[in-house]
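This report walks through pockets, a metal site, an aromatic pair and the nonpolar core. Begin with the sequence and the structure.

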Amino acid sequence: MIGLVCGHFAAGAGLRPWQGVPETYITAVLDHGGIPVLVPLGLKPEKEATVLAALDGLLLVGGGDVDPVFYGESRREWCGTPDRERDRSEMALIRGAIAQDLPFLAICRGIQVLNVALGGSLYQDIAREYPGSPLRHRTEERQAPAHPVDIEPGSRLAGIVGEPQVAVNSLHHQALKDVAPGLAVTARAPDGLVEVVEVEGCRFGLGVQWHPEELVAAQGHARALFHCLMEEADSPGGGTE
Ligand code: MN
């Protein structure tokens, strides 16, 4: 049972937003043998603990920008509209997952939430705050390779992927700035930006800046990430016995 944390989606004028998860993530979990369980925003802390105890793994999905208040900065004009309820819920759930060594994969916004939850910070916009990069990290092509990433030899990621360099899509305009204590950077883009972090001492706690759920049909390295999450979720000591 893999918990997918919901985001808010606009439902139209005058209507309260919906909560949900883009189907691509649900399909990727289903296709790798998992049971996707949607986790709503707005749970009280004791209920979050109840949900985490029932899960075998957690998946944080893509979405909007984390409110810079959570990393001690004021929001610049190039930062997106914040959703503090989602920020709070996801940061609490990811901290809970780390505390009980629940396997997790944190995708795109997810790697940023993971970093901020542990005390790191973000570039509010790569073009404005990390100028000079020859790479385009914000593309429209969800399934096309946008840039390579170099993988740290000997890392968990290297073992999962089995290649020193992979081509990934890139659909982000923010990126990790100060990397939080307890996170190891195990992949970077050629311009130096962080593309993967791993939680040190965790069975499987991995954040990726790209979108593997969009690449599962075409790229073995994307399937390998989901496969590894499912294997860890299945193994003894993963979530509930
Ligand atoms: Mn990128």
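The largest pocket is lined by 26 residues, and Gly62, Gly63, Gly64, Asp65 and Arg109 lie nearest its centre. Helices here are DSSP runs of H or I with at least four residues, strands are runs of E with at least two, and both are numbered from the N terminus. A pocket is an open set of points on a 1 Å grid over the protein atoms alone, where a 1.4 Å probe fits, with protein on both sides within 12 Å along at least five of seven lines; lining residues have an atom within 4 Å of a point.

The model is predicted: local features need pLDDT of at least 70, side-chain atom pairs count only at pLDDT 80 or more, and totals for chains, interfaces and linings use all residues. Residues are numbered from 1 along each chain as its sequence is written, and side-chain values use heavy atoms, without hydrogens and water.

| Pocket | Volume | Lining by class |
|---|---|---|
| Largest pocket | about 520 Å³ | six nonpolar, 12 polar, eight charged |
| Second largest pocket | about 160 Å³ | five nonpolar, five polar, three charged |

The second largest pocket has 13 lining residues, and Ile126, Ala127, Leu135, His137 and Arg138 are the closest to its centre. A volume is the space filled by probe spheres set on the points, with grid points joined across faces, edges and corners. Ala, Val, Leu, Ile, Met, Phe, Trp, Tyr, Cys and Pro count as nonpolar, Asp, Glu, Lys and Arg as charged, and the others, Gly among them, as polar.

Arg109 also belongs to α4, where it is buried along with Gly110, Ile111, Gln112, Val113, Leu114, Asn115, Val116 and Ala117. Because nine of the nine residues of α4 are buried, the helix is largely enclosed by the rest of the structure. Buried means under 20% relative accessible area, exposed over 50%, and partly exposed in between (1.4 Å probe, protein chains only). Just after α4, Gly119 takes a positive phi of about 105°.

His137 turns up again at the metal site. The manganese ion is coordinated by His137 (ND1), His147 (NE2), Ser170 (OG), His172 (NE2) and Glu195 (OE), at 2.3 Å. Ser170 sits in the loop between β9 (165–168) and β10 (175–176), and Glu195 in strand β12 (residues 194–199), 25 residues apart. Ser170 is buried at 0% relative accessibility. Glu195 is buried too, with a relative accessible area of 0%. Donors are N, O and S atoms within 2.8 Å of the metal (3.2 Å for Na, K and Ca); water is not among the atoms, so sites may look incomplete.

The structure holds one aromatic pair. Tyr123 and Tyr130 form it, tilted, at 5.2 Å centre to centre and 55° between the planes. Rings of Phe, Tyr and Trp (its six-membered ring) pair if their centres lie within 6.5 Å; planes under 30 degrees apart are stacked, over 60 edge-to-face, and the rest tilted. Tyr123 is buried at 15% relative accessible area, whereas Tyr130 is partly exposed at 21%.

Which residues touch the most other members of the largest nonpolar core? They are Leu59 and Leu105, in a core of 37 residues. α7 (220–234) gives the most to this core, with eight residues. A nonpolar core is a set of buried Ala, Val, Leu, Ile, Met, Phe, Trp, Tyr and Cys residues joined through side-chain atoms within 4.5 Å. Ile2 is found in strand β1 and is buried at 1% relative accessible area.
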